[in-house]
Every structure is written in C-alpha cells, then in structure tokens.
Amino acid sequence: MKRPVEVAIYVEGGGDSTADKNALRIGMDVLLTSLKDRVRAKAWRWKLVFCGGRRAAYEKFINAREHAGSNDIVILLVDSEGPVTVDTKAAHLKQRQGDEGWDLTGVPEDHIHFMAQTMEAWIVADPEALATYYGQGFRTNALPARQNLEDEAKPNVAEKLKAATRDSKTKGEYHKIAHASQLLAKIDPTKVRARCPHAERFFTTLERLIG
C-alpha cells in the first residue's frame, strides 16, 4: 500500500530537553493550524519537529530529505539570526558565521524558511495576546513599535520583550521555553504574517506547496 505524502517541518529551538521540545511543538502546532488542516484535508501526514540547536535542525532536515518520498515536502525553519541581505536564504546561511559546512546544494528555495531575525519577532507581533497572557504589570509600550519586526535586531527584540514583561504580576519576565510554548498557541497568525514578511512567505509558500 502506497504511504501518504508527508509534510515535515524541522524547526530550530527547544534546547536539549525532550519535554521542552515537545512543549514548543505543541504551541507551534496550534499557530500552524491552517497549514495542518490543509494537510489533513488531503489525507496526508503532518510532522512538526523541534530539533534543539540550529545545527541539529539542519542535520535532521538533510537526513529527512535523503529518506523522503518523491512527493514529500520537507521544510527547514530556523532563525535568520540577522538581517537577510542576499537574494536567497541558502546564500544567507552559507555566508553566515556559525553555519559553516551547511550544504544546501539542490535544496529548493521554497523548502528553506526563516523566523527572521528570531522566533520572538513572531511572538511580539501580537501585543494584545501578550497583554492578556501577562496581565497586570505588562507594558505594551515597551515592545518594538515598528510595523516590520524583521527590521528590529535580534538582541533588541529580546531586550524589549523582557522589558515589557518584567513587571508582570502573574507570569514574570519572559522565559523562552516556558512562555514561548504557550504564547505560540495564543498569538494570531494573521498578525504575525502582517508584521513579519518571512512568516508571510512561509505560510504562502506552504499553502501553495500543499495545494
């Protein structure tokens, strides 16, 4: 019996703990519900894997491609870490210090995607969801105000998110694993797409590839 087509997304993040990776996977699974529903509607398989470090994400992605069926869709989703100033995502990764040795020869550009410059840019795209989550003491005005959050340097996103959440009476300062896993399930993907062009490209590309 022919196995169904699989859409597999390998994501940077989650550290070394299986529990932390699973928590982030559950949150991201909710954020990507519209894509997952498209896959399930076609009776295909959906696979979302948080891999820990970016090198691990790359290696698992490459391994998955080597063992994929001819119609499978295998996606790499990592932080860009900095501004993307070259024409292709593969070229950005090839020249980025720290990603030496990444061989993406033959990988379609449509199968490489960024959380630019960092996953937290997606999270701060929905201040209303954050305000509800963090409650009393949350400072919306401390968040990045620019429309295009990918123009905000990665360290700035982290610092402004910490400043906005530092005085929260219920959650305290933003914690990447404990809070991100829950926030990913609460933020509005339409707001993320509106303020993060690479997120819009990710959703649009997957919608086209899935059909």
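**Entry 1: Thr118**

I looked up Thr118 and found it in the loop between strand 4 and helix 5 (119-123). Helices (H or I, at least four residues) and strands (E, at least two) are DSSP runs, numbered from the N terminus. The model is predicted: local features need pLDDT of at least 70, side-chain atom pairs count only at pLDDT 80 or more, and totals for chains, interfaces and linings use all residues. Residues are numbered from 1 along each chain as its sequence is written, and side-chain values use heavy atoms, with hydrogens and water left out.

Is Thr118 buried or exposed? Thr118 has 2% relative accessibility, so it counts as buried. Buried means under 20% relative accessible area, exposed over 50%, partly exposed in between (1.4 Å probe, protein chains only).

I then listed what Thr118 touches. Leaving aside neighbours within four places in sequence, Thr118 is in contact with Asp79, Lys154 and Val157. Contact means heavy atoms within 4.5 Å. I also checked Gly82, 36 residues from Thr118 along the chain. The C-alpha atoms of Thr118 and Gly82 are separated by 8.2 Å.

I traced an open sheet of four strands, in the order 2-1-3-4, with parallel pairing. Two strands pair if DSSP finds at least two bridges between them. Which strands are at the edges? They are strand 2 (45-50) and strand 4, each pairing on one side only. On average, neighbouring strands of this sheet are turned by 20 degrees against each other, direction ignored. Axes are lines fitted to C-alpha atoms, for helices over the stretch in contact, and angles run from 0 to 180 degrees between N-to-C directions.

Next I followed strand 4 (residues 112-115). Ile112 and Phe114 point one way, His113 and Met115 the other, and all are buried. Strand 3 (residues 73-79) pairs with strand 4 in the parallel sense over four bridges. Leu77 stands opposite His113, and Val78 stands opposite Phe114. From strand 3 the chain crosses through helix 4 (residues 89-95) to strand 4, in a right-handed β-α-β crossover. Right-handed here means that, with the strands pointing away from the viewer, the path from the first strand over the helix to the second runs clockwise.

**Entry 2: Lys89**

I found Lys89 in helix 4. At 8% relative accessibility, Lys89 counts as buried. Not counting residues up to four places away in sequence, Lys89 touches Glu109, Ile112, His113, Phe114, His198 and Arg201.

I looked at helix 2 (residues 33-41) first. Helix 2 lies across strand 1 (6-11) and strand 2, at about 145 degrees to strand 2. Helix 2 packs with helix 10 (residues 197-210) at an angle of about 5 degrees, with axes 10 Å apart. Helix 2 is therefore roughly parallel to helix 10. Angles under 35 degrees count as roughly parallel, over 145 as roughly antiparallel, 65 to 115 as roughly perpendicular and the rest as oblique. Ser34, Leu35, Arg38 and Val39 of helix 2 make the contact with Phe202, Phe203, Leu206, Glu207 and Ile210 of helix 10.

Then I checked helix 1 (residues 18-31) and helix 8 (residues 176-183). They pack at about 25 degrees, with their axes 7 Å apart, and are therefore roughly parallel to each other. The contact involves Asp20, Ala23, Leu24 and Gly27 of helix 1 and Ile177, Ala180 and Ser181 of helix 8.
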